[in-house]
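Biologist: Please show me the model, and then we can go through its packing and its surface.

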Amino acid sequence: MLARAGAMLNDRSSILSLLKTRRSGRPRDLTEPGPSEEQLREILAVATRVPDHGKLAPWRFVIVRKEDRGAFEALLQRAYRIDHPEPGRLETEATQRFAHQAPALVVALFKPVASSKIPLWEQQLSCGAALLSLLTATHALGFAAGWVTGWAAYSEEVRRAFAADDEVIAGFIFIGTPGIELEERPRPALDDVISNWRPGDASY
Ligand SMILES: Cc1cc2nc3c(=O)[nH]c(=O)nc-3n(C[C@H](O)[C@H](O)[C@H](O)COP(=O)(O)O)c2cc1C
């Protein structure tokens, strides 16, 4: 069972099997139990151990605790009304569900270091790598996670509630236990994404 996948990671094949079976959970399908505070710290510690050109740590993580989900919802409802002054009932309910889904929520921020000579693109790659490690560690501990953005990640009102002027929201990472069997999704055919370089072949 996926939920137990983290139990025996003491040999190479089980690490490979973990990596081959990792898949996301839809945030709305993630139920209790979620990670303890200690487990969440462990997950985030793994997330920080990623390739990072220049050792810039161009990312950080903000935990939205259970007791603050109500305030998080209020923020989202307020932010949504900036572009949609008169939301319908369904929109308001969708925002409410988003704010309260899954037992744990981490808001991941991209924190570029503008003064560095390391290109911004490389810093963004490190942020993506950190988030994948976060997802993998979650999986290894027997939980599932869903990395989503949606309108809230691009709302200036929401961004300002979490981030400094130069930072952006890289995603909302919801974490919990899958309440239903996780669905597999189609993966790219390997031969579509792997090829041998042919010297002299310059045009694509
Ligand atoms: C930056 C980023 C933003 C994403 N935002 C959303 C989103 O808003 N809604 C969504 O359903 N999936 C979103 N996804 C996709 C899911 O996180 C996930 O990759 C997808 O459900 C497939 O799951 P997998 O991890 O099992 O491949 C996003 C992925 C990335 C990398």
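This is a predicted model: local features need pLDDT of at least 70, side-chain atom pairs count only at pLDDT 80 or more; totals for chains, interfaces and linings use all residues.

Biologist: Leaving aside neighbours within four places in sequence, which residues is Val158 in contact with?
Modeller: Val158 is among the residues that touch the most other members of that core. With neighbours within four places in sequence left aside, the contacts of Val158 are Leu75, Leu76, Ala79, Trp151, Ala152, Ile169 and Phe172.

Biologist: How many residues are in the other core, which lies apart from this one?
Modeller: Its members include Val50, Phe61, Leu135 and Phe143. The count for this other core is 22 residues.

Biologist: Is Thr136 buried or exposed?
Modeller: Thr136 is part of helix H5, residues 120–140. Beyond four places in sequence, Thr136 touches Leu18, Leu19 and Arg22. The relative accessibility of Thr136 is 14%, and the cut-off is under 20%, so Thr136 counts as buried.

Biologist: Why does Leu19 count as exposed?
Modeller: Leu19 lies in helix H1, residues 12–21. Together with Ile15 and Leu16, Leu19 makes a nonpolar surface patch of about 280 Å². Exposed means over 50%, and Leu19 is exposed because its relative accessible area is 52%.

Definitions and conventions:
Residues are numbered from 1 along each chain as its sequence is written. Side-chain values use heavy atoms; hydrogens and water are left out. A nonpolar core is a set of buried Ala, Val, Leu, Ile, Met, Phe, Trp, Tyr and Cys residues joined through side-chain atoms within 4.5 Å. Buried means under 20% relative accessible area, exposed over 50%, partly exposed in between (1.4 Å probe, protein chains only). Contact means heavy atoms within 4.5 Å. Helices (H or I, at least four residues) and strands (E, at least two) are DSSP runs, numbered from the N terminus. Patches are made of residues with over 30% relative accessible area and no salt bridge: like charges are joined within 9 Å, nonpolar side chains (Val, Leu, Ile, Met, Phe, Trp, Tyr) within 5 Å. Accessible areas come from the Shrake-Rupley method with a 1.4 Å probe; for residues, only the protein chains shown count as cover. A salt bridge is a side-chain nitrogen of Lys or Arg within 4 Å of a carboxyl oxygen of Asp or Glu.
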